[in-house]
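My entries follow in the order of looking.

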Amino acid sequence: MAISTKLEMRQSQSLIMTPQLMQAIKLLQMSNLDLVAYVEAELEKNPLLEKGAGETEGAVTTNDADGSANGEQVDLSQNASSSGDEPDSGDWMQSDLETGSEAIASRMDTDLGNVFPDEPGVPASPDPALLKGGDSYKNATSSAASEDYNLEAFVAEEASLVTTLEDQMQLALSEETDKLIGGHLINSLDENGYLYQDLGEVAETLGVDLDRIERVLGVLQTFEPAGVFARDLAECLKLQLIEKNRFDPAMEALIENIELLAKRDLAALKRLCRVDDEDLIEMISEIRALDPKPGSVYGASLVQPVVPDVFVRPANDGTWTVELNSDTLPKVLVNQTYYAKVIKTARNETEKEYLTESLQTANWLAKSLDQRAKTILKVSTEIVRQQDGFLTYGIEHLRPLNLKTVADAISMHESTVSRVTSNKYMATPRGIYELKYFFSSAISATVGGDAHSAEAVRHRIKQMIDAEEPKAILSDDTIVKVLKDDGIDIARRTVAKYREAMKIGSSVQRRREKNARI
C-alpha cells in the first residue's frame with residue numbers, strides 16, 4: 001500500500017456550544033439576585049436594550065412592538081390644582097402682608113421683643129454689613145438648603161472587630177513597642193476572635209522577648225468583647241467568666257474538664273468540681289450563656305432574604321395553582337426603532353458590525369429570559385404534581401423523587417432539570433423550600449410496598465427521639481425495629497448517619513442529658 005497525501009471532503013454533524021447556548025445555560029442556573037445583576041450589566045453595555053417599563057400610579061403606558069411608547073398619561077397633580085372654585089380677589093392669600101418689623105411694631109404700639117421674647121422660631125436680624133454685600137448673604141444662607149445631600153453619607157460605618165480592638169489598644173497601651181505588638185496580635189485574630197498564632201513565632205518575627213509578648217497579650221485579653229485573644233475554647237470561656245467575676249475553683253475545674261461536658265458525663269464532673277446536682281446544673285447553665293465565638297458579632301455578612309421564584313396556591317377545585325413570581329423576572333425590551341435609526345448613520349463596517357452584534361445579543365437575551373421562565377414553570381408544575389401528598393398532608397408524605405423522573409415527564413434532559421432546580425425557591429402553604437428539597441433518595445419498604453423518602457424517614461426519626469421518655473431512651477437498634485414494624489426497611493448505620501446529620505447525640509448522651517433535666 002502506497003503512502004501518499006491527498007485531499008478529502010467529508011460532511012458530519014456535531015454539537016457545538018455556541019456563545020448564545022452557553023449564555024442560555026448560564027441564565028438557567030442563576031438565582032434571581034444573580035440574574036438581576038447580570039441583566040443590569042447587559043443593560044449598561046448594550047445600547048439596544050432597555051429596561052421594561054412597569055405600571056406606575058396615575059399613568060397608563062403601552063409599548064408597541066418597535067419599542068415606542070404609545071398611550072395616554074394622566075397627571076393627577078393637574079386635577080388637584082384645578083379642582084374647586086377660584087380664590088376671590090379679597091382672599092387673605094392675595095392680600096399684601098406686612099414684612100417690615102418697624103411697621104408691625106408701630107401698629108402694635110410695642111417692641112417685637114416684648115411680644116415674642118426669645119422665640120426660637122424667629123430668626124435673628126441679619127447683619128447690615130452683610131446686606132450691603134448684595135447676593136453674598138443670600139448665597140451664604142441658602143447654600144445649606146440648596147445642597148443635594150446624600151443620605152447614605154450620614155450612615156454610621158459598621159464597626160469591625162479590628163477597629164474596635166485598635167481603639168481600645170490606644171487607651172490601654174502607652175509605649176509604641178507595645179502598640180506594635182498589640183497591632184500584630186490584633187491582625188492575627190480569626191473571624192471568631194481566636195489567636196492561633198504561636199507566641200514564640202511572634203516574638204521571633206518582631207524581635208522582642210516572649211515575656212513582653214505575653215504581658216501585652218494579657219492586657220489585650222481584657223478588651224471587649226470578653227473572650228477575644230483566647231487560644232482555645234476553654235480559655236475563651238475562662239476569660240468571659242473572669243469578666244463576670246464567676247471564675248471560682250469549682251468553675252475552674254469544670255473549664256479544665258470541658259470535654260466531659262461535651263460527653264455529658266455529669267457524674268464525673270460532679271465529682272471533680274465537688275458540687276451537688278443543683279450547683280452543677282447552675283454552673284452548666286452559666287457556661288451555656290457564654291459566647292464561644294465572641295468575634296463573630298462583628299463584620300457579619302448581610303443575610304439576604306429568600307425571595308421565592310414560584311408561588312403554589314390551592315385552587316378551588318382541589319388542585320394546585322403554580323405561577324411565577326413576576327417581581328423576580330427582569331423585563332427587557334429591544335429597541336428596534338433606535339437600531340433602524342442609528343444603522344443608517346454608521347460610518348464604517350466596524351460600527352455596523354457592532355450594532356448588528358448588539359441587536360443579536362439583545363434578541364437572544366430576551367429569548368433566553370423568556371425560555372428560562374417557561375422552563376422554571378414547567379419543572380415546578382411537575383414537582384407539584386409529583387409531591388401533591390406533601391403539600392396536602394405534610395412531610396411524612398414526601399415521595400422519593402429523582403431528576404430522571406421529572407425529566408422524562410416533561411421531555412427534558414436531566415442536566416436541564418438540575419440547572420433549573422439550583423438556587424430556585426418555591427413558596428408553598430407549608431413554607432418556602434428550595435426546589436432541590438423535593439428530590440430525595442428512596443428507602444425501600446419491608447413488604448414490597450411503595451418506597452419511602454429519605455427526608456420523610458429522617459423526620460420520623462426526629463419525632464421518635466423528641467417524644468422519648470428519660471427512662472426509655474431509644475437506641476439505634478430500637479429505632480430500626482420500630483421503623484421496620486412500620487414497613488420501612490432501613491439499616492442501623494443509616495439511622496446513625498441520619499441522627500448525626502441532625503446533630504442528635506447517641507442514646508447514652510441523651511440519657512445523661514434528660515436524666516439531669518438540663
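I took a salt bridge to be a side-chain nitrogen of Lys or Arg within 4 Å of a carboxyl oxygen of Asp or Glu. The model is predicted, with local features needing pLDDT of at least 70 and side-chain atom pairs counting only at pLDDT 80 or more, while totals for chains, interfaces and linings use all residues. Residues are numbered from 1 along each chain as its sequence is written, and side-chain values use heavy atoms, with hydrogens and water left out.

Entry on salt bridges. By this rule I get 23 salt bridges. I noted one network of them, which links E175, D178, R212 and R215.

Next I looked up E8. Its side chain forms a salt bridge with K6 at 3.6 Å, N to O, and E8 also meets R10 in a salt bridge at 3.3 Å, N to O. For accessibility I used relative accessible area with a 1.4 Å probe and protein chains only: buried is under 20%, exposed over 50%, and partly exposed in between. E8 is exposed at 52%. K6 is exposed at 66%, and R10 is exposed at 74%.

I then went to K481 and D485. Their closest N and O atoms are 3.5 Å apart, in a salt bridge. Where do K481 and D485 lie in relation to each other? They are four residues apart in helix α23 (residues 476-485), so about one helical turn separates them. Helices here are DSSP runs of H or I with at least four residues, numbered from the N terminus. K481 is exposed, with 56% relative accessible area, and D485 is exposed at 57%.

Entry on helix packing. I looked up helix α22 (residues 454-466) against helix α24 (residues 492-501), and found an angle of about 75° with the axes 10 Å apart. The axes are lines fitted to C-alpha atoms over the stretch in contact, and angles run from 0 to 180 degrees between N-to-C directions. The two helices, α22 and α24, are therefore roughly perpendicular, a label that covers 65 to 115 degrees.

For the contact I required heavy atoms within 4.5 Å. On the α22 side I list A454, V457, R458, I461 and I465, which meet V495, Y498 and R499 of α24. I sorted the residues of this contact into six nonpolar, no polar and two charged. Nonpolar covers Ala, Val, Leu, Ile, Met, Phe, Trp, Tyr, Cys and Pro, charged covers Asp, Glu, Lys and Arg, and the others, Gly among them, are polar.

Note on methods. Parallel < 35°, antiparallel > 145°, perpendicular 65-115°, else oblique.
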